[in-house]
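These are my notebook entries on a single protein chain. I list below what I looked up, entry by entry.

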Amino acid sequence: MASRLPLLITLAGVAVLFLSIAFVFALVIGAMFFGGIEFTGGHTDAITSPSTWTLVA
């Protein structure tokens with residue numbers, strides 16, 4: 001069993017790497033079909049809203 005341990009560790013690492021790549025691939029495909037991902041957290045909408053114009057002026 002000890003001689004198979006490096007093989008099992010390598011297979012586990014490959015599985016984790018494959019799943020992470022598949023997850024990112026699914027995120028990209030999902031973003032293409034469902035309108036994208038907003039990384040700004042909505043701050044760009046808050047800057048352009050009329051309610052903040054009075055705060056700036």
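I began with burial and found that buried residues make up 2% of the 57 residues in the protein. I kept in mind that this is a predicted model. I then looked up the surface: the protein exposes about 5300 Å², and carbon and sulfur atoms supply 79% of that area.

Next I checked the confidence. The mean pLDDT of the protein is 78, and 61% of its residues reach 70 or more. I noted that confidence is highest in H1, at a mean of 93, and lowest in helix H3, residues 53–56, at a mean of 55.

I turned to the secondary structure. I counted three helices and zero strands, and from the N terminus on the order of elements is α-α-α. For H1 I recorded 29 residues. From its first C-alpha to its last, H1 reaches 42 Å, close to the 42 Å expected at 1.5 Å a residue.

I then examined what comes after H1. Gly 35 follows this helix, and its phi is positive, near 90°. Phe 34 lies in the loop between helix H1 (5–33) and helix H2 (43–48).

Finally, I looked for a nonpolar patch on the surface. Phe 34 belongs to one, together with Phe 23, Val 24, Phe 25, Leu 27, Val 28, Ile 29, Met 32 and Phe 33. I recorded about 1000 Å² of accessible area for these residues together.

Key. Residues are numbered from 1 along each chain as its sequence is written. This is a predicted model: local features need pLDDT of at least 70, side-chain atom pairs count only at pLDDT 80 or more; totals for chains, interfaces and linings use all residues. Side-chain values use heavy atoms; hydrogens and water are left out. Patches are made of residues with over 30% relative accessible area and no salt bridge: like charges are joined within 9 Å, nonpolar side chains (Val, Leu, Ile, Met, Phe, Trp, Tyr) within 5 Å. Accessible areas come from the Shrake-Rupley method with a 1.4 Å probe; for residues, only the protein chains shown count as cover. A salt bridge is a side-chain nitrogen of Lys or Arg within 4 Å of a carboxyl oxygen of Asp or Glu. Helices (H or I, at least four residues) and strands (E, at least two) are DSSP runs, numbered from the N terminus. The expected span of a helix is 1.5 Å times one less than its number of residues. Buried means under 20% relative accessible area, exposed over 50%, partly exposed in between (1.4 Å probe, protein chains only). pLDDT is the predictor's confidence in each residue, from 0 to 100.
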